[in-house]
Amino acid sequence: MPTFREVKSQRPNQILYDTLTFNSPVFGSVLLVNRQIFPKTFAGQVYQPCRMEVIESQQSSTPVIDCSVKFGRLAQDFKQKLKAWKAYARLTPISATYQQFDARDMKTPLKPWTLYVSDVSMDDTDVTCTLTLKNPVNNNVGRLYTIEEFPGLQNA
């Protein structure tokens, strides 16, 4: 009977692909795959290669689900996409779907998460996106005035 160490050393390495998809009705879908040189096809869609660093949320006593993604050398591409996101188009949030694919089955994602882009910060070359579970468009929405709560609003 082989030991655990022998079994682990002889089995093939598992290759996981990290992908990120940005969706917006303004600029469509942007499909990116991490640590690749050539485009890859997952679930019938072609993902473009890029260099990104995903920093997951820290575990603490407060249940805040967020993520930070840092892209290297993509500032100009992000600027061009975000220039189209103006005026009334800002009422629809940008969603980001983070997925992992296994090299043995490149048609089914292992772990999909859909979050909202809440903040984008850029310098000359790098871009950092903050992704959260809470829709950032809903942050500054005031309470609706209803006649039941405020009877003085009713026209006589």
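This is a predicted model: local features need pLDDT of at least 70, side-chain atom pairs count only at pLDDT 80 or more; totals for chains, interfaces and linings use all residues.
Read from the N terminus, the order of elements is α-β-β-β-β-β-β-α-β-β-β-β. The protein chain has 156 residues, and buried residues account for 28% of them. Contacts between residues at least 6 apart in sequence were also examined. Of these, 47% join residues at least 24 apart. The accessible surface of the protein chain comes to about 11600 Å². Carbon and sulfur atoms supply 54% of that area.

The largest nonpolar core comprises 23 residues. Within this core, Leu20, Phe22, Val69, Phe71, Phe78, Cys129 and Leu131 touch the most other members. At least two residues of this core come from each of strand S1 (16-24), strand S2 (28-34), strand S6 (66-71), helix H2 (75-83), strand S7 (95-102), strand S9 (113-122) and S10.

A disulfide requires two cysteine sulfur atoms within 2.5 Å. By this rule, the count of disulfides is zero. Cys67 shows why: the cysteine sulfur closest to its own belongs to Cys129 and is 9.8 Å away, too far for a bond. Cys67 is buried, with a relative accessible area of 12%. Cys50 is buried as well, at 9%.

The structure holds two salt bridges. In one of them, Asp18 pairs with Arg35, and the closest N and O atoms are 3.5 Å apart. This pair links distant parts of the chain. Asp18 belongs to strand S1, whereas Arg35 sits in the loop between S2 and strand S3 (40-42). The two residues are 17 residues apart. Their exposure can be set against the cut-offs of under 20% for buried and over 50% for exposed. Asp18 has a relative accessibility of 10% and therefore counts as buried. Arg35 reaches 60%, so this residue counts as exposed.

A salt bridge also joins the side chains of Arg104 and Asp102, with an N to O distance of 3.0 Å. Here Arg104 is exposed, with a relative accessible area of 68%. Asp102 is buried, with a value of 9%.

The surface was also searched for nonpolar patches. Tyr145, Ile147, Phe150 and Leu153 form such a patch. Together these residues have about 430 Å² of accessible area. Ile147 lies in the segment after strand S10 (127-132). The relative accessibility of Ile147 is 44%, so the residue counts as partly exposed.

Key
Residues are numbered from 1 along each chain as its sequence is written. Side-chain values use heavy atoms; hydrogens and water are left out. Patches are made of residues with over 30% relative accessible area and no salt bridge: like charges are joined within 9 Å, nonpolar side chains (Val, Leu, Ile, Met, Phe, Trp, Tyr) within 5 Å. Accessible areas come from the Shrake-Rupley method with a 1.4 Å probe; for residues, only the protein chains shown count as cover. A salt bridge is a side-chain nitrogen of Lys or Arg within 4 Å of a carboxyl oxygen of Asp or Glu. Helices (H or I, at least four residues) and strands (E, at least two) are DSSP runs, numbered from the N terminus. Buried means under 20% relative accessible area, exposed over 50%, partly exposed in between (1.4 Å probe, protein chains only). A nonpolar core is a set of buried Ala, Val, Leu, Ile, Met, Phe, Trp, Tyr and Cys residues joined through side-chain atoms within 4.5 Å. Contact means heavy atoms within 4.5 Å.
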